[in-house]
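Take a look at the model below.

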Amino acid sequence: MSDRPAYQFVDTNILVYAHDVSAGPKHERALALIKSLWESQTGCLSIQVLEEFYVTVTRKVAWPLASEAAAQIVTDLATWRVHAPEMDDVLHAITIHQRYGISFRDGLVIQSAARLGCQSIWSEDLNPGQVYAGIRVVNPFTAA
């Protein structure tokens, strides 16, 4: 057995639901997940996810957050393990995108999760149960 923590990557949609009070039950489940990852210190993100989160919660949800509130959330989340993709990550993401027939954006999420040593990716967008590059996707809204 390894003493290595079971790092878990959080996709943008889960972060958005956690902060979008208009999302109903998805809000409650996503918020509980984020709190759990916060307490266990196993949550991981990427710069890409934080950028997408900020834009979405300030412009694209039913009840947008104020820019200052969203910026504070990003600042708080920056204390998690955060991957800043470099050029080789972009190239690996292209390979993942081509291999699995998924969007480039999702390929970069998977590449970031791999770089951070994550065992799982919490996402509503990727196929639950699918293993990409050795990382299992879990949908928090369908997980038992």
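Which residues are linked in a network of salt bridges? In this predicted model, the network joins Asp-11, Glu-52, Arg-105 and Asp-106. Side chains of opposite charge can pair when their charged atoms come close. The whole structure holds 6 salt bridges. Three of them are listed here.

| Salt bridge | Closest N to O distance |
|---|---|
| Arg-105 with Asp-11 | 2.6 Å |
| Arg-105 with Asp-106 | 2.7 Å |

Start with Arg-105 and its partner Asp-11. They are 94 residues apart and link distant parts of the chain. Arg-105 belongs to helix H6 (residues 104-115), while Asp-11 lies in the loop between strand E1 (8-10) and H1. Arg-105 has 22% relative accessibility, so it counts as partly exposed. Asp-11 has 0%, so it counts as buried. Asp-106, another partner of Arg-105, is buried as well, at 11%.

Arg-115 is partly exposed at 43% relative accessible area. Asp-89 is buried at 1%.

Next, the helix pair. Helix H1 (residues 12-19) packs against helix H3 (residues 47-59) at about 40°, with axes 9 Å apart. The two helices are therefore oblique to each other. Their crossing is right-handed. H1 contributes Thr-12, Leu-15, Val-16 and His-19 to the contact, and H3 contributes Val-49, Glu-52, Phe-53, Thr-56 and Val-57. These contact residues divide into 5 nonpolar, 3 polar and 1 charged. Glu-52 of H3 also belongs to the salt-bridge network.

Notes: Residues numbered from 1 in each chain as written. Predicted model: local features only at pLDDT ≥ 70, side-chain atom pairs only at ≥ 80, totals over all residues. Heavy atoms only, no water. Axes fitted to C-alpha atoms, helices over the stretch in contact; angles between N-to-C directions. Helix = DSSP H or I, 4+ residues; strand = E, 2+ residues; numbered from the N terminus. Parallel < 35°, antiparallel > 145°, perpendicular 65-115°, else oblique. Left-handed = near helix turned anticlockwise from the far one by under 90°. Contact = heavy atoms within 4.5 Å. Nonpolar A, V, L, I, M, F, W, Y, C, P; charged D, E, K, R; others polar. Salt bridge = Lys/Arg side-chain N within 4 Å of Asp/Glu carboxyl O. Buried < 20%, exposed > 50% of the residue type's maximum accessible area, 1.4 Å probe, protein only.
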